Amino acid sequence: MLRHKLYIFFLLLAIGCAKEETSWCDKPKPSIDESLKRPQYSNDWFQVYEVQDSIFAIYEPYQWQEVISYLVIGKEFALLFDTGNGIGNIKSVVGSITSLPVRVLNSHSHFDHVGGNADFDFIYGMDTGFTRDRQKGRTHDQVADEVSPAALCRPLPDGVKAEEHHIRPYEIDEVITEGSIIDLGNRKLKVISIPGHTPDAIGLIDEENKLLWTGDTFYKGPIWLFAKETDLPAYRNSIARLAALAPSLDHVLPAHNIPLVDPKLLVDLNKALVDIENGTVKYTINKDGRRVFEFAEFSVLMANE
């Protein structure tokens with residue numbers, strides 16, 4: 001009887017602790033500028049913001065990656081910079097915004113940025129082994145966590161079944177490299193190679209309008225630098241390059257959390273990485289065994305040495 005009572009006590013204690021644990025959905029998140037326009041293109045999975053004239057952030061706020069893809073509308077065609085997780089139908093959202101032909105360019109080939117690639121007819125891409133491997137798609141087992149209850153703050157979109165979620169294969173139609181110019185007819189976007197987070201990571205610069213898209217190389221939040229394909233020395237060099245560009249920029253447009261951030265944060269991150277390398281920054285170890293370096297506007301997650 002005593003053993004039974006003790007079992008009940010510890011079971012109730014465990015349930016109470018589980019209830020007190022903060023879920024991903026309840027944790028504080030960076031707030032998006034309320035002054036940004038919210039045109040009538042949002043649906044039950046995507047929130048759409050017009051961050052500049054003819055530039056739309058297509059945001060997935062209900063999934064723990066909080067991915068942002070960007071649609072840049074030109075005169076001759078539109079460029080979609082990343083296609084999200086592949087959970088919601090990003091093509092239908094893009095089609096509601098523009099009737100122009102759409103070309104896709106990925107900031108890098110991680111699954112949460114190429115999920116909708118297979119729905120589009122034209123894709124630019126880097127010529128790297130990592131890029132070619134990721135064109136094969138990802139199986140359900142490789143991305144099942146992304147549609148698990150822990151990853152979601154709302155039900156999956158109608159018709160989407162968690163047990164069937166995977167990243168479909170796609171093909172690259174035109175190779176881009178450092179310095180490639182994508183001319184939309186009334187806007188020129190220059191590709192810069194910024195490897196580190198992945199071997200094929202790129203940025204996109206609109207020099208005339210002083211805008212820089214950074215993909216996962218920089219965003220305001222926990223910056224992931226622990227994947228097996230991450231190259232820390234290359235990443236430090238890429239951030240130093242972006243920090244040097246910061247004075248010439250008005251806005252940075254990252255691929256997670258919020259769509260417009262201050263370019264000065266690139267300078268702050270560059271300094272933070274130097275301090276980490278010099279061993280002058282304290283860190284904690286998270287539940288996954290990774291080192292977490294906390295700074296005012298972002299954090300850096302690295303593998304534990």
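1. Two strands are taken to pair if DSSP finds at least two bridges between them. In this predicted model, strand β12 and strand β16 (residues 299–302) meet that criterion, for four bridges join them and the two run parallel. One of the residue pairs is leucine 225 with methionine 302, the latter being the bridge partner in β16.

2. The β12–β16 pair belongs to an open sheet of four strands, ordered β12-β16-β15-β14, in which the pairing is mixed. Its edges are β12 (222–225) and β14 (284–285); each has a single partner strand, so one side of each is left without a neighbour in the sheet.

3. A further open sheet is built from seven strands in the order β1-β2-β3-β4-β5-β6-β7, again with mixed pairing. Here β1 (47–52) and β7 are the edge strands, each pairing on one side only.

4. Strands β1 and β2 run antiparallel and are joined by five bridges. Within this pair, tyrosine 49 stands opposite alanine 57 of β2. The two strands form a hairpin with two residues between them, and serine 54 in the turn adopts a positive phi of about 70°.

5. The next pairing, β2 with β3, is likewise antiparallel and comprises five bridges. Isoleucine 55 has valine 72 as its bridge partner in β3, while isoleucine 58 stands opposite serine 69 in β3. Valine 72 also takes part in the pairing on to β4, where its bridge partner is leucine 79. Strand β3 (residues 68–73) and strand β4 (residues 78–81) are antiparallel over four bridges, and a hairpin joins them through four residues.

6. Which residues of β2 are buried on each side of the strand? On one side these are Ile55, Ala57 and Tyr59, and on the other Phe56 and Ile58, so that both faces of the strand are covered. Accordingly, five of the five residues of β2 (residues 55–59) are buried.

7. Turning to charged side chains, the structure holds 16 salt bridges. One of them is formed by aspartate 44 with arginine 154, the closest N and O atoms being 4.0 Å apart. This pair links distant parts of the chain: aspartate 44 is in the loop between α1 (2–20) and β1, and arginine 154 is in the loop between α5 and β7, 110 residues apart. Aspartate 44 counts as partly exposed because its relative accessibility is 36%.

8. Glutamate 277 is in helix α7 (residues 264–277) and arginine 236 in helix α6 (residues 232–245), so the pair links parts of the chain 41 residues apart. The two partners fall into separate accessibility classes: glutamate 277 is exposed, with a relative accessible area of 52%, and arginine 236 is partly exposed, at 24%.

9. Aspartate 288 and arginine 290 also form a salt bridge, in which the closest N and O atoms are 3.7 Å apart. Both are partly exposed: aspartate 288 has a relative accessible area of 47%, and arginine 290 has 26%. Elsewhere, salt bridges that share partners join Asp133, Arg134, Lys136, Arg138 and Glu229 into one network.

10. A patch of negative charge is found on the surface, where Asp121, Glu171, Asp173 and Glu174 gather. Aspartate 173 is placed in the loop between α5 (140–143) and β7 (174–175). Is aspartate 173 buried or partly exposed? With a relative accessibility of 44%, aspartate 173 counts as partly exposed, because that class lies between the limits of under 20% for buried and over 50% for exposed.

Technical notes: Residues numbered from 1 in each chain as written. Predicted model: local features only at pLDDT ≥ 70, side-chain atom pairs only at ≥ 80, totals over all residues. Heavy atoms only, no water. Patch = residues over 30% accessible without salt bridge, like charges linked within 9 Å, V, L, I, M, F, W, Y side chains within 5 Å. Areas by Shrake-Rupley, 256 points an atom, 1.4 Å probe, with all protein chains shown as cover. Lys, Arg positive; Asp, Glu negative; His and termini not counted. Charge placed at Lys NZ, Arg CZ, Asp CG, Glu CD. Buried < 20%, exposed > 50% of the residue type's maximum accessible area, 1.4 Å probe, protein only.
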